[in-house]
Every structure is written in C-alpha cells, then in structure tokens.
Amino acid sequence: QVQLVESGGGLVQAGGSLTLSCAFSGRTFSTYAMAWFRQAPGKERRFVAAVSGSGRNTDHIDSVRGRFTISRDNAKKTVYLQMNSLTPEDTAVYYCAAALTLRRFEYDYWGQGTQVTVSS
C-alpha cells in the first residue's frame, strides 16, 4: 500500500515562494508518476502538475507554468512542488498523488493535503 505525506504548506505573502514536499512509502517510488492537485475553498480539486517516474517528463497547467516546478528525488522517495510568484488565487489545500502513468486524472493514491494560504 502506498502512503503519501505532504509538508511545507503555510502562510505567505503575494509574490513569495514556498516549496511543498511529499514523502512516498510502501512501493517502488520510481514506478509511479507523481502529481500535485489543489482544492480551493468551495471548488473542486484540480490537477496542477505531474512528473513521470524517471523525472524526465513533466506536465504543468497553464496558470502555473513558469511559476511552479514539479520535481522528484527518487533516492529520497520525495516529490517537490517549488512555487514562486504566488498570488492569492493559489490559496488552496495542495494534495500529492501517485499513479502508474503520467496523466492529469484518476490517480490511485492520495496524501492528506497541506494548506497553502497566500495573503494579498
């Protein structure tokens, strides 16, 4: 069974930066594509970014491309989301997810989420 634990959320001013981390356990990490989703208050959870098992391929939604970067360290079994130039619209609970293929939907395993709040 895969377990995912996010960390790194918090309160930051607009224009600031945060790096989220997600620790993976339970299976072979490099087998899984990893993704970040977010859920803003009153809205559905939505895909943000994903990285392939090798780390060579990534996918970012348009609204974060150039500001957010997903990466992974297979030796540490950890995936990261570096977030720069944050805006209040980025405020959400951020979830880490794992799946056997790189995609934007239907992930198999989820973390508990970490809150990111961006003040104006």
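In what order do the 4 strands of the open sheet run? The order is β1-β3-β8-β7, and the pairing is antiparallel. Before going further, a word on ground rules: this is a predicted model, so local features need pLDDT of at least 70 and side-chain atom pairs count only at pLDDT 80 or more, while totals for chains, interfaces and linings use all residues. Residues are numbered from 1 along each chain as its sequence is written, and side-chain values use heavy atoms, with hydrogens and water left out.

**The sheet**

Back to those strands. Strands here are DSSP runs of E, at least two residues long, numbered from the N terminus, and two of them pair if DSSP finds at least two bridges between them. At the edges sit β1 (3-7) and β7 (68-73), each pairing on one side only. From one strand to the next, the twist averages 15°, taken between axes that are lines fitted to C-alpha atoms, with angles running from 0 to 180 degrees between N-to-C directions. Strand β1 is joined to β3 (residues 18-25) by 5 bridges, and the two run antiparallel. Glutamine 3, for one, has serine 25 of β3 as its bridge partner. In general, strands of a sheet pair through backbone hydrogen bonds, either parallel or antiparallel.

**Salt bridges**

The structure holds 5 salt bridges, each being a side-chain nitrogen of Lys or Arg within 4 Å of a carboxyl oxygen of Asp or Glu. Among them are these:

| Pair | N to O distance |
|---|---|
| Aspartate 90 and arginine 38 | 2.9 Å |
| Arginine 65 and aspartate 62 | 2.5 Å |
| Arginine 67 and aspartate 90 | 2.8 Å |

Take the aspartate 90 and arginine 38 salt bridge. Aspartate 90 lies in the loop between β8 (78-83) and β9 (92-99) and arginine 38 in strand β4 (residues 33-39), so the pair ties together parts that are 52 residues apart in sequence. The salt bridge of arginine 67 with aspartate 90 also links distant parts of the chain: arginine 67 is in the loop between β6 (58-60) and β7, aspartate 90 is in the loop between β8 and β9, and they are 23 residues apart. Through shared partners, salt bridges join Arg38, Arg67 and Asp90 into one network.

How exposed are these residues? Buried means under 20% relative accessible area, exposed means over 50%, and partly exposed falls in between (1.4 Å probe, protein chains only). Aspartate 90 is buried at 2%, arginine 38 is buried at 14% and arginine 67 counts as buried at 18%. Over in the other listed pair, arginine 65 is partly exposed at 47% and aspartate 62 is exposed at 62%.

**Rings**

There are 6 aromatic pairs. Rings of Phe, Tyr and Trp (its six-membered ring) pair if their centres lie within 6.5 Å; planes under 30 degrees apart count as stacked, over 60 as edge-to-face and the rest as tilted. Phenylalanine 24 and tyrosine 32 have ring centres 5.5 Å apart and planes at 50°, so this pair is tilted. Both of these residues, phenylalanine 24 and tyrosine 32, are buried. Ring pairs also link Phe24, Phe29, Tyr32 and Tyr109 into a cluster.

Charges sit over rings too, which takes NZ of Lys or CZ of Arg within 6 Å of the ring centre and within 35 degrees of the ring normal. Arginine 45 lies over the face of tyrosine 95, 4.9 Å from the ring centre. The charged end of arginine 103 is over the ring of tyrosine 107, at 5.7 Å from its centre.
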